[in-house]
Amino acid sequence: MIPEFGHIALVIALCIAVLQSVLPMVGAQRGNVAWIATGRPLAHAQFLFLAISFGCLMAAFLQNDFSVEYVAKNSNTALPTMFKVAAVWGAHEGSLLLWSVTLGLWTSGVAVFSKSLPNAMVSRVLAVMGVIAVGFMLFILLTSNPFDRLFPAPFDGADLNPLLQDPALIIHPPMLYMGYVGFSVPFGFAIAAMLAGNLDQQWARWTRPWTATAWLFLTMGIALGSWWAYYELGWGGWWFWDPVENAAFMPWLVGTGLMHSLAVTEKRGLFKSWTLLMAIAAFSLSLLGTFLVRSGVLVSVHAFAADPARGLFILIFLGIVIGTSLTLYAYRASSLETQVGFTHFSRETFILLNSILLVIAAGVVLLGTLGPLVFGALDLGSVSVGPQYFELVFLFPMLPLLLAVGVGMHTAWRSANPRELFRRLRWPALGALVAGMFVPWLVFGSVSLLTALGVTIGLWTVIASLIDPAKKLRGKGPRITRSMVAMQLAHLGLGLTVLGITVTSAYTVVTDEGMKPGETVDIAGYTFRFEETLPVSGPNYEAIQGVFTVSRNGAELTQLRPEKRVYRVQTSPMTEAGIKAGWGRDLFIALGEQLGRGAWSVRIQYKPLIRFIWFGCIVMAIGGLVGISDPRYRQRARAKAAADGVTATA
Amino acid sequence: MIRATTFGLLIGLLGLSFTASAVDPSDKLEDPIQNELYLAITKEVRCLVCQNQSIADSTAPLAADLRREIRRMVEEGQDETRIKNFLVERYGDFILYRPRFRSWNIVLWLGPVALMVVGFIALAMNIRRRKSLPIDEDAP
């Protein structure tokens with residue numbers, strides 16, 4: 001019965017979403033107070049029923065109800081409980097339900113945390129989000145119902161893909177979805193503002209904390225995915241430029257640009273139409289990512305053509321959403337621009353540069369991701385686009401952008417004095433340049449031009465972010481506001497990530513060896529001794545564990561235990577790397593194939609500064625958190641609430 | 001069959017099907033420069049029977065064959081261009097992860113350049129226009 005309850009709850013949620021997308025919107029357009037007032041309760045009700053539906057699916061997993069096809073395909077009695085929970089969003093149908101629940105949560109969140117906004121505005125936002133919800137729930141119910149029954153029910157399930165049986169994968173999808181579904185809120189605000197026809201600075205102030213929240217979740221989601229890929233996929237890569245990664249990265253790039261552009265719109269009332277366009281683009285790219293991942297078009301264009309129902313639905317939905325918003329934009333956005341100026345050397349210029357370059361970066365990734373699909377669909381020949389392409393073209397926009405970050409954050413609004421700025425920044429910049437050229441050379445013995453440039457830029461961004469806080473610590477600098485701290489932290493994180501990426505890419509040492517127990521390999525000053533192999537048994541897998549002792553200058557450092565696992569149900573072999581993590585470097589061992597006579601092929605890696613990549617992301621996300629916590633957003637909210645109260649009583 | 005479809009969907013979900021990495025120490029070349037070239041090329045060559053994976057990372061038999069073939073050519077002293085030409089002639093453009101500068105692929109290379117040019121023109125135009133507008137000093 002429980003799966004049927006889940007199914008019914010989903011249908012009810014869909015009906016509520018239909019009401020939510022119509023009533024509050026019509027109410028707002030006609031000024032009907034009663035209809036406007038339906039927005040918030042409908043949003044909460046929709047979320048409630050989605051949560052019930054989601055809970056029912058989870059219950060089906062926890063009870064091993066293999067009469068539900070989706071459960072039978074993605075679970076097994078021997079699957080540990082925490083992975084049964086993760087299996088709920090481990091495949092197509094369930095992850096779409098998670099998408100919808102996440103949207104429900106955001107919608108409900110807007111309804112709760114928007115007490116200070118005019119009701120008509122809120123109801124329009126909720127209605128726009130309702131339209132999106134309708135699209136997704138229809139998609140689930142028509143093409144991808146997770147509650148479909150299977151008859152006869154199998155005795156046991158086909159198990160969750162072993163690659164996904166990992167703690168990081170339990171939180172990675174929810175984080176990622178919180179991020180890219182979260183961009184539906186700025187999107188909703190943008191559409192609502194265009195419909196209402198009033199785009200004042202107030203609009204940007206409302207949108208900013210929502211955008212930052214979505215952005216920080218997306219940052220963490222992407223970082224978690226990268227970390228997982230690093231230790232789980234077995235060969236120590238942390239970013240593959242795979243279309244699925246790009247699908248999450250494009251909204252992040254545009255979302256980052258949007259945050260910056262929103263700052264200008266709020267503070268100066270400038271770039272209104274550009275900001276709107278980015279709000280539309282960020283969410284459209286989220287939808288596009290969903291299309292790419294969900295339609296099967298990535299596996300092959302032909303697979304898509306063979307079973308086009310799912311892909312076609314999202315493609316049409318995507319077309320409607322993007323088409324409608326751009327049409328609205330074309331009608332409403334042109335007349336918005338405030339006639340206010342700034343000089344060519346000002347914070348405004350740098351932020352404009354930032355958002356243009358970020359959009360170009362997203363465009364480049366989009367081109368490389370969609371290009372092969374489009375060529376394939378139009379019969380222009382099949383072409384592959386991989387890391388070797390992206391790593392090159394991504395530098396076009398990224399190098400100037402990263403160079404500009406450190407300067408831009410110290411440039412005054414409206415009009416800055418280049419001489420004065422030069423005086424202030426010349427020593428830190430020179431320090432970064434000298435350190436960037438010589439430190440890698442001293443530590444690693446060699447340095448290429450690009451590596452020196454990367455380290456210099458990373459260091460420069462780190463130092464630039466710390467100039468003002470350092471002054472403050474010595475009691476000299478100007479007052480630092482909460483939003484400045486947020487910015488400094490986020491840029492500090494960016495600098496750390498850039499350092500990590502550059503150093504890891506340039507100085508990783510990899511070696512593939514055939515080793516027998518008792519043999520040793522030396523790389524990067526570390527000695528790896530292969531001691532023995534042990535059979536190990538997990539709850540739902542058998543494994544062979546290699547035992548390696550790592551020593552440096554004769555002193556034993558640690559023992560690493562990489563595994564080669566074979567899961568009992570899905571029998572493909574999995575590599576579980578043995579990693580010794582550290583701030584300065586990771587030591588990484590993966591077991592390959594058995595070569596016979598006790599010998600194994602082994603991949604050993606020394607990866608300097610790789611932790612900086614993810615640590616930097618965490619620092620960026622903390623920056624986002626500090627930004628949201630700025631009392632400014634709530635003070636104004638309180639003042640507004642008080643003012644509303646006065647008018648209401650008067 | 002069901003499992004195959006499910007796996008297909010999961011590939012769709014995470015886009016990654018690296019079930020195990022190819023670790024093949026027997027592939028190593030004596031000459032370090034040749035070894036470097038060999039590694040660089042195998043990382044850029046797509047495994048045709050895998051889901052978005054280079055032959056350097058794939059355990060598929062076809063990938064192993066191709067690795068051997070490339071190793072032989074490197075050992076014979078053939079240069080990168082010649083080896084890649086051979087691969088493209090035999091398998092088409094799809095084999096290389098860095099599209100070659102020809103036919104429709106040109107779009108992939110000129111696109112980013114065009115974006116940069118358009119972006120900077122837009123930036124310059126906007127700044128020029130803003131410069132002539134009044135800077136409102138008393139805005140918040």
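Helix H19 (residues 449-473) of chain A has 25 residues, which at 1.5 Å a residue should span 36 Å, and this agrees with the 35 Å between its end C-alpha atoms. The expected span is 1.5 Å times one less than the number of residues. Helices are DSSP runs (H or I, at least four residues), numbered from the N terminus.

This is a predicted model, in which local features need pLDDT of at least 70, side-chain atom pairs count only at pLDDT 80 or more, and totals for chains, interfaces and linings use all residues. Residues are numbered from 1 along each chain as its sequence is written, and chains are lettered from A and ligands numbered from 1 in the order in which they are written.

H19(A) bends by about 40 degrees at Ile467(A), with Pro469(A), a proline, following within four residues. The bend is the angle between axes fitted to the seven residues ending at a residue and the seven starting there. Just after H19(A), Gly475(A) has a positive phi of about 75 degrees.

**Helix pairs**

Two packed helices are described by the angle between their axes and the distance between the axes. Here axes are lines fitted to C-alpha atoms, for helices over the stretch in contact, and angles run from 0 to 180 degrees between N-to-C directions.

| Helix pair | Axes come within | Crossing angle |
|---|---|---|
| H1(A) (residues 2-30) and H7(A) (residues 119-143) | 7 Å | roughly 150 degrees |
| H15(A) and H17(A) (residues 395-408) | 9 Å | roughly 155 degrees |

H1(A) is therefore roughly antiparallel to H7(A), a word for angles over 145 degrees. H15(A) and H17(A) are likewise roughly antiparallel to each other. H1(A) passes H7(A) in a left-handed crossing, that is, the near helix is turned anticlockwise from the far one by less than a right angle. The crossing of H15(A) with H17(A) is also left-handed.

The contact of H15(A) with H17(A) has 15 nonpolar, two polar and one charged residues. Ala, Val, Leu, Ile, Met, Phe, Trp, Tyr, Cys and Pro count as nonpolar, Asp, Glu, Lys and Arg as charged, and the others, Gly among them, as polar.

**Between the chains**

The contact between the chains takes 70 residues from chain A and 56 residues from chain B; residues are in contact if their C-beta atoms, placed from the backbone, lie within 7 Å. On the side of chain A, helix H15 (residues 347-377) gives the largest share, twelve residues.

A cis peptide bond, with omega about -10 degrees, joins Phe151(A) and Pro152(A).

Methods: Contact = placed C-beta atoms within 7 Å. Helix = DSSP H or I, 4+ residues; strand = E, 2+ residues; numbered from the N terminus. Parallel < 35°, antiparallel > 145°, perpendicular 65-115°, else oblique.
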